[in-house]
Amino acid sequence: MNTKFKLLLLAIPLLLFSCSSDDDSSSQQQDNSGDVFISAEGAFGSKNGSISLLSSDFETTTNFAYTQANNNTPLAGLVQSVAFDNENAYVVLNDVNTLVIADKNTLVRKDIVTTGLQNPRYMAIVGNRGYITNWGDGSNTEDDYIAILDLDTNTIEATTISLDNGVEQIVARDNKLYVSHKGAFSTNNIVSVVDLSDNNSVTTITVNDNPDELFFSNTGELVVLSEGIGLTFGGPPTFSIIERTTSSISFIDINTNTVTRTLDFPENQGAEQMTHADGNIYYASNGEVFNIDVNATSLPTSGVVTTGPISGMEVNGEELYTLTTDFQTLSTLTVFDLDTAEEIFSDQVGLGATKIYFPN
Amino acid sequence: MNCKKTYISVGLMLYGLSILAQRVNSEKKQDTINSLNEVTVFGKILAKENEIKGQKVVVLPNYAVVRNATNPTETLRFNSPIALRDFGNGGISTARFRGTSPTNTAVLWNGIPINSAGNGLTDFNTIALNTTDEVKIVSGGASVLYGTGAIGGVVLLNDDLKFSKHQNFQLFSQYGSFNTSSNYVKANLGDSKWALKIAGAYNSSDNDYEYIDGRFVDENGGSLFNENGNYKNYNLDVSLGYKVSNNNKIYLYSQVYESDRSFSAGIPNPSAGRERNQDFSQRNLLKWDTNFGKFNQSVKLAHLALDYTYFNNQFSSTSDFSETQNTFFDYHVKYNLSQKLQLSYLLNANFSSIETNFISRKNRRAIAMVGLLHYQPFKNTATTLSFRNEENTDFNVPLALNFGVEQQLLSFIKLKGNYSTNFRTPTFNEQFWPRVGNPDLLPEVSKQFELGFQIQKENLNFQASYFNIQIDDKILWLPSSGSNLWKPRNIKNTSNKGVEVSGVYSFQLLTNHVIKLSTNYTYTMAKNLENNRRLPFAPEHLWNFNVDYTYQRLNMFFQGLQQSRSFTTEDSVKFFSLDPAEVYNVGVNIDIVKTETQQLTMGAKINNVTNSLYYFTNLRPNPGRNYSIQINYKF
């Protein structure tokens, strides 16, 4: 009997150690150029953001593409946004104050920036510098700034540009930066203009509450979507906004930094997503995507595509890409044909997918 | 060999062990403390404590706090059936039974519930485990006795006040890697009139270990370290008992605990770590036990204060605070109707309040009435039937019910069964936290049963239970309206089924060579019944074991822990999971002095001897191979 026991004891380590091998997928050096690039935030606090790639012919969807390309190493943060230059993808990881720099075509990691960022949000590139908006402490309204990344050394410069509360998206034109102030954990209603040629001097333009998306239209105007402040909310599961301050689309003349036109949404209605293509502006409101001309003077009452609630949207040619975002499980990417308003493709992408990019 | 096969083999091995064990003739009487002993005396009713029948109960072995002294998480992880998840070594640590959530684990200090009124949890790295005299781990629901949160299981932290002539002193000190030290002194004194316990502990660590996950490096390609992870804590316990007469005893228990921790940021950017948290708790309990005729009466009055100060950035001047208070009044009377029947009545009042810089002062009052019936219809059959009706100022609390039965089959085999309904009321944070609190939450409610057996022999104690828990109106924090803002809501019906096994077995190999094996294993299948998907953070297999070899003054041990892949979302996709964890420790102890009246033991230990990379929280690796030495003096 004792012998039996000894054998059992001897067997324990064998049994234990036999469990360790894992089929980690090895690094795959593949060229992703031309793919649609979808960034997924991951769940808040879980550091499980990811990148999905969709081949331009819609044949293959690759989820967790960065992890695959880097020896099973995840990005390890909440993917807030991605910026691109000719060679690189700059992945902004909000919760871990980190920027991951990867080859745009292979997603193989080149570098990592871990100092100089605090609650980073979005990045714009001008020349050999990246400009990254940072909330600082999200509940502190006094410490927002732009961090300046030297793209040759991949280090944050000592100089920062201090801005008003709640910096969010950033675009650049003619050596000037344009930053929307969505307000971080509180609220704001301005767009800041930073003149890089004039000692980083800052001017502000007042718009409606909580400006988020902004871009330059083909006429050269700066178009800004203000979402309004949610005042009262419905119950579970959606806790949707019932009452809000005015939401609007503002058109800004960047020569005079003045708002030339404002299209207000009807009372307590608003839009949450906005993009543009070929002289058209698309925005998402209440489960529908609407289309207006860049010179529109009023908002339409009926949309062009019914999408249901979405948290990400882009237009590429005649195709509308939308993200039905889920922060608990995988999200869904759906592509619609804008001519027919029909769905032409749908697949699962990363958890908490919110952004779509066409880097090439 | 894949994991499934491994676990099947292990299961078979355990089964084999139990069969073999039954055959082993009891060797000559050994001085091995059978730590899992939960002796129930049949033949007369005598529920000294408010116990209920039919549940699986494990008493944490005495050696556990010495062997795994670094922090309470480590102690319980290697020696109990509880699944612990720490947010980095020494960080916030939550406990789950049987795949339920951490708020379904009730913790009681000398019979008083101590889970925070704010978040409904006990942080298992902020309890004074190494000065606690007895840690009892009751698996399964027991809201009838312990109220809110006792769904998955209950951890009872008890201090001993005995009215007999005794003087026990213990001095313990351990020092190890990362400048980690754990120290405590404990004195239990008493005579026929008085009983006194005085204890104090101090633990600290730089906790700046290397992250051995080679996939992640810093900006210069170097290793990452657990920056900003240092901690220190101390506690002081003073308890006093006075026996006025055999039928009239008064007890006073008191504990102060203070902790100061920095929270590391983990991978990929530990240099960004700035968080710091200071916890302070104070607990006082006055207990008066009286007997008259066939009545036993116990009155308890307790006050708990639990405060924290949290710095999002410890170098800035701003911080958050929270102050919670609980006052308990507990009246318990037992009436021994006959040798076969005992009736109990409990009145239990709890006044709780919270105030934080985010939540203005809130109060809650819960008054519960409990009826408990111990009935022993036959010599070998013991049953308990109990009800609890709680009136709560904020919620409609459903009636809690518990029915337990234990049947002695042979002299050494007992069958156990228990059916219960239990609840957890929403916490202040869940209701009132700004932006995310949900004032419309309902209590979550469980219906559950378990069936098991226990084999008890002189050198063997083996228990196994099948459990089946269904929770309705489960409160979960979920993303709201397509945003990454998480709010609590009642949503799910969940089902947790599985088997929990614990065993201790000791035998002599040759004269004076004693081998002792102990193990805990839980198989859990936890599902969301709405979509039939697996619930996150409920790994299928969780197993720990200790193998001890003692020869005269020499003791060597090998201990291990295995957890199967733990999914972090309901997707069951590998990307959203923690790899299987495996960790083994080895140690040696030598009794330098061993006499009738004193024992001086010195020990050394290698933790994580295989230098394995393991995670209990995503991207917060636990330390690689590390070392400690200790001295333990009892007199």
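Two residues are in contact when heavy atoms of theirs lie within 4.5 Å. The structure discussed here is a predicted model.

**A residue of the nonpolar core**

Leaving aside neighbours within four places in sequence, B:Val155 is in contact with B:Ile82, B:Phe97, B:Thr105, B:Ala106, B:Val107, B:Leu108, B:Phe124, B:Val135 and B:Lys136. B:Val155 also belongs to the largest nonpolar core, a set of 33 residues. Together with B:Phe124 and B:Leu129, B:Val155 is among the residues with the most contacts inside that core. Several elements of chain B each supply at least two residues of this core, including strand S4 (105–109), strand S6 (134–139), strand S7 (153–158) and strand S12 (248–263). The largest share, three residues, comes from helix H2 of chain B. Apart from this core lies another, of 19 residues, among them B:Leu145, B:Val154, B:Leu346 and B:Leu372. In soluble globular proteins, nonpolar side chains tend to be buried together.

**Aromatic pairs**

How many aromatic pairs does a search of the whole structure find? Over all chains, there are 34. A pair of aromatic rings is described by the distance of the centres and the angle of the planes.

| Pair | Centre to centre | Angle between planes | Class |
|---|---|---|---|
| B:Phe178 and B:Tyr209 | 5.7 Å | 55° | tilted |
| B:Trp194 and B:Tyr242 | 4.5 Å | 45° | tilted |

B:Phe178 lies in the loop between strands S8 and S9 of chain B, and B:Tyr209 in the loop between strands S10 and S11, so their pair ties together parts that are 31 residues apart in sequence. Is B:Tyr209 buried or exposed? B:Tyr209 is buried, with a relative accessible area of 1%, whereas B:Phe178 is partly exposed, at 24%.

B:Trp194 is partly exposed, with a relative accessible area of 42%. B:Tyr242 also counts as partly exposed, at 29% relative accessibility.

**A cluster and two charges over rings**

In chain A, the residues A:Phe58, A:Tyr321, A:Phe345 and A:Phe358 form one aromatic cluster. A:Arg121 lies over the face of A:Trp135, at 4.0 Å from the ring centre. In chain B, B:Arg85 lies over the face of B:Phe537, at 3.9 Å from the ring centre.

Technical notes: Residues are numbered from 1 along each chain as its sequence is written. Chains are lettered from A and ligands numbered from 1 in the order in which they are written. This is a predicted model: local features need pLDDT of at least 70, side-chain atom pairs count only at pLDDT 80 or more; totals for chains, interfaces and linings use all residues. Side-chain values use heavy atoms; hydrogens and water are left out. Rings of Phe, Tyr and Trp (its six-membered ring) pair if their centres lie within 6.5 Å; planes under 30 degrees apart count as stacked, over 60 as edge-to-face and the rest as tilted. Helices (H or I, at least four residues) and strands (E, at least two) are DSSP runs, numbered from the N terminus. Buried means under 20% relative accessible area, exposed over 50%, partly exposed in between (1.4 Å probe, protein chains only). A charge sits over a ring if NZ of Lys or CZ of Arg is within 6 Å of the ring centre and within 35 degrees of the ring normal. A nonpolar core is a set of buried Ala, Val, Leu, Ile, Met, Phe, Trp, Tyr and Cys residues joined through side-chain atoms within 4.5 Å.
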